[in-house]
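Please open the model in your viewer and keep the sequence panel beside it. The tour below goes from one selection to the next.

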Amino acid sequence: MHDMEATDEWFCDQETLRYDEACVNLHTDDSNAWLYLLSNDCALCPYTRIKQIVADSSSSVTIDTVRPTSIRILDAKDPSEFISATNTSDVICELTPNLGQFGVYELSVQNRSCSIRVLNGPTYPYTELFVIFGVLILVLLALSGLKSLWRVYKKKCMKRQADDAVSKQPSKRRVKAIDTVRGASTLLMIFVNDGSGGYRNLGHATWNGLLPGDLLFPCFIWIMGVCIPIAMSSQIKRMTPKRVILYGIVKRSVLLFLIGLSLNTVSTGPQLETIRIFGVLQRFGVTYFVVALTYFCLMSRRFSKSQSAMLREVQDFLLLLPQWCVMLSIVAVHCVVTFCLNVPGCPTGYLGPGGLHDDAQYFDCVGGAAGYIDRLILKEAHLHHSATVYKSGPYDPEGILGTLTSTFHVFLGLHAGIIMMSYKDWKERVIRWLAWAAFFGCLGCTLHFTNVIPVNKKLWSLSFVFVTTSFSLAFLSACYLLVDVIKVWNGGPFRIPGTLHFHAIMQRN
């Protein structure tokens with residue numbers, strides 16, 4: 001907040017504004033008033049008291065522009081810190097201005113009415129991002145053009161050498177699209193976790209909903225499932241003993257969990273009383289263990305082609321029928337616990353963020369059954385602590401209950417891998433991937449928009465699993481067509497990081 005020197009000029013220091021922020025000068029000629037704000041990011045929350053607007057004196061306030069913010073001016077001597085949106089007593093005016101990034105505005109309160117005007121126009125928030133993205137595309141196109149020219153040169157001037165190189169290529173080609181998807185998920189996940197370059201709209205949704213950053217972790221954990229049958233098939237072909245395969249599954253799962261546990265000490269310190277138990281790598285470890293072990297114990301020992309044309313069309317599903325039964329049982333347990341568990345002081349089946357949500361009626365109910373189970377088993381000291389707009393208590397987005405739906409998520413990736421192993425023609429693969437993508441997408445959107453199970457990354461809701469799986473299948477299909485079928489793209493710059501990650505996994509097998 002900055003003090004103003006006059007009312008007819010703007011004095012907001014634009015250099016102190018960050019991305020997705022605007023400055024609003026405040027002025028009133030009437031009696032003192034109070035400024036309240038409510039961001040659309042805080043669904044069903046009360047208005048929050050920000051500051052007093054003193055008569056014949058100017059001040060300013062910085063407002064987030066990522067999502068619309070409603071402004072209320074109250075005429076009260078000692079108002080509460082929070083005012084319900086349904087309480088309109090003492091309200092002088094209420095407005096929801098269209099504020100833009102780096103914009104400077106003046107809010108005037110006169111004669112019990114409000115007006116807002118632009119002092120300095122905002123900037124388009126994504127100009128730099130589009131410029132950087134355009135430069136990267138041009139560089140990649142230039143590199144692709146140079147590579148094509150080099151191939152033409154080799155074909156004309158070095159025909160014999162090119163023929164020898166073709167003859168030495170292995171008969172079985174690696175599916176580069178998997179490496180591309182895995183590499184893209186890894187690099188973009190690092191970008192988002194490092195702040196998304198300041199663009200919060202590229203990050204994560206506050207509670208319900210979906211932003212670009214919410215697609216990356218699910219895509220990464222899903223592609224891990226795709227690789228499970230591929231890696232296990234190579235072990236079986238090498239006649240690796242069962243006990244060695246089982247030992248590898250257990251070892252990798254335990255190492256992932258312990259590494260994640262160790263990384264949690266970076267923020268909280270090596271104190272056993274406050275160390276966070278769960279996390280991203282821990283979820284990888286647990287879900288990999290359950291899915292890989294289930295697949296290995298119930299897997300069909302060979303991919304034989306069915307004699308019936310009708311059965312061949314659903315061969316991928318029939319090969320995983322026992323595993324599907326186990327995973328659907330896990331989903332059923334998750335749904336029963338989520339919607340039927342009696343959580344003290346909370347409505348049954350509550351899926352909200354607690355805190356200020358719904359006028360703070362269920363302040364201590366953050367996450368519903370998921371949060372309650374974590375607080376009961378792990379204790380609050382061992383949960384993830386982060387400030388949110390809802391001002392609720394600690395909640396772990398990688399907690400116990402969400403691990404059940406994450407396990408199902410990894411299994412859906414495994415099913416996509418089985419499709420690739422069962423059908424060798426690219427059309428059969430893509431048709432099935434896109435068919436499942438359409439099915440999961442419709443199912444997830446139906447659950448979300450009917451408000452039965454909203455899309456929610458922090459809860460890792462079932463609708464979130466379906467929607468993000470739909471995206472992952474569509475993304476894999478697109479990369480497969482461009483990289484492996486049409487071959488107009490070699491997967492760069494994502495394929496190499498994805499390949500290195502795959503080699504690291506294979507070396508441990």
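Predicted model: local features only at pLDDT ≥ 70, side-chain atom pairs only at ≥ 80, totals over all residues.

Residues are numbered from 1 along each chain as its sequence is written, and side-chain values use heavy atoms, with hydrogens and water left out.

Begin with the open sheet of four strands, whose order is E4-E1-E8-E9 and whose pairing is mixed; strands here are DSSP runs (E, at least two residues), as helices are (H or I, at least four), numbered from the N terminus, and two strands pair if DSSP finds at least two bridges between them. Select strand E4 (59–64) and strand E9 (113–120), which stand at the edges with a single partner strand each, so one side of each has no neighbour in the sheet.

Next, select E8 (residues 104–110) together with E9, which run antiparallel and are joined by seven bridges. Along this pair, Tyr-105 stands opposite Val-118, and Leu-107 stands opposite Ile-116. Two residues lie between the strands in this hairpin, where Asn-111 takes a positive phi near 55°.

Move on to the open sheet of five strands, ordered E6-E3-E2-E5-E7 with antiparallel pairing. Its edge strands are E6 (82–83) and E7 (91–95), each of which pairs on one side only. Strand E5 (residues 69–74) meets E7 over four antiparallel bridges, and Ile-73 has Cys-93 in E7 as its bridge partner.

Finally, show the surface and select Lys-147, Arg-151, Lys-154, Lys-176 and Lys-487, which gather in a patch of positive charge. Patches are made of residues with over 30% relative accessible area and no salt bridge, like charges being joined within 9 Å and nonpolar side chains (Val, Leu, Ile, Met, Phe, Trp, Tyr) within 5 Å; accessible areas come from the Shrake-Rupley method with a 1.4 Å probe, and for residues only the protein chains shown count as cover. A salt bridge is a side-chain nitrogen of Lys or Arg within 4 Å of a carboxyl oxygen of Asp or Glu. Helix H1 (residues 127–157) gives the most to the positive patch, with three residues, whereas Lys-487 is found in the loop between helix H15 (462–485) and helix H16 (495–508).

Terms used:
Lys, Arg positive; Asp, Glu negative; His and termini not counted. Charge placed at Lys NZ, Arg CZ, Asp CG, Glu CD.
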